[in-house]
Amino acid sequence: MIFRRSERGKAPVEPVTLKILVAGGFGVGKTTLVGAVSEIKPLRTEETLSEAGRPIDDTSGVAGKHTTTVAMDFGRITLRDDLVLYLFGTPGQDRFWFLWDELATGALGAVVLADTRRLEDCFAAVDYFERRSIPFVVGVNCFEGASRYPAETVRQALDLDETVPVVLCDARDRESVKEVLIRVVEHAMAAAAAAREPVTT
């Protein structure tokens, strides 16, 4: 457990820890995102892509990818002395989706990472979090050479509710990823506050 002193001379305080999922299609940059922002060496469960998996794993658009996550990625980032985020990157292929329910347990919110070259690959993640009422942010990973679109255009293409934040980001850049994670926390807090408001008739 991490304990920090908020001010000199005061007793150490136990920070609030929050769980954030990082989801999206195969090869969209989930492992890269977790590694870019984690303050600890991230735990990775990557295996080399095999010939047996080639008929199953669609590598179009990510031809240079040679490994895949088979369980999860795990990282940690301290946003404030009293606020720590634990990041869990989900596997992208359909055959590993049985792990998602376990990973989603207790999650505050999620990042759905999207690649505009293969936008349809994140439909399943969007649907998963919508069905379970887990607040999420769509992070559009701006790959080199990929077409850039305004956030509103991506929102329309994914048929997202207007309350779901859409953020352009670079999964390799720590500060860019931090901004995405801050948006997740803010969005989840706003959703929780809205759920507590009494219904008036």
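**Helix 4 and its setting**

Guide: Just after helix 4, Asp159 adopts a positive phi of about 55 degrees. Helices (H or I, at least four residues) and strands (E, at least two) are DSSP runs numbered from the N terminus. The model is predicted, so to speak of local features requires pLDDT of at least 70 and side-chain atom pairs count only at pLDDT 80 or more, whereas totals for chains, interfaces and linings use all residues. Residues are numbered from 1 along each chain as its sequence is written, and side-chain values use heavy atoms, with hydrogens and water left out.

Helix 4 itself spans residues 151-158, and its buried residues are Val154, Arg155 and Leu158. Because these residues cover an arc of only 105 degrees around the axis, they lie on the same side of helix 4; the arc is taken from the directions from the helix axis to the C-beta atoms. Buried here means under 20% relative accessible area, exposed means over 50%, and partly exposed lies in between (1.4 Å probe, protein chains only). The buried residues of helix 4 pack against helix 3 (123-131), strand 6 (136-141) and strand 7 (166-169).

A salt bridge is a side-chain nitrogen of Lys or Arg within 4 Å of a carboxyl oxygen of Asp or Glu. Both residues lie in helix 3, four residues apart, about one turn of the helix. Arg131 counts as exposed at 64% relative accessibility, while Asp127 is partly exposed at 34%.

Another salt bridge joins the side chains of Asp115 and Arg117 (2.9 Å, N to O). Asp115 is buried at 2% relative accessibility, whereas Arg117 is partly exposed at 38%. Asp115 and Arg117 are also linked with Arg118 and Asp121 in a network of salt bridges. A search of the whole structure finds eleven salt bridges.

Of its 201 residues, 46% count as buried. Among contacts (heavy atoms within 4.5 Å) with a separation of 6 or more, 70% are between residues 24 or more positions apart.
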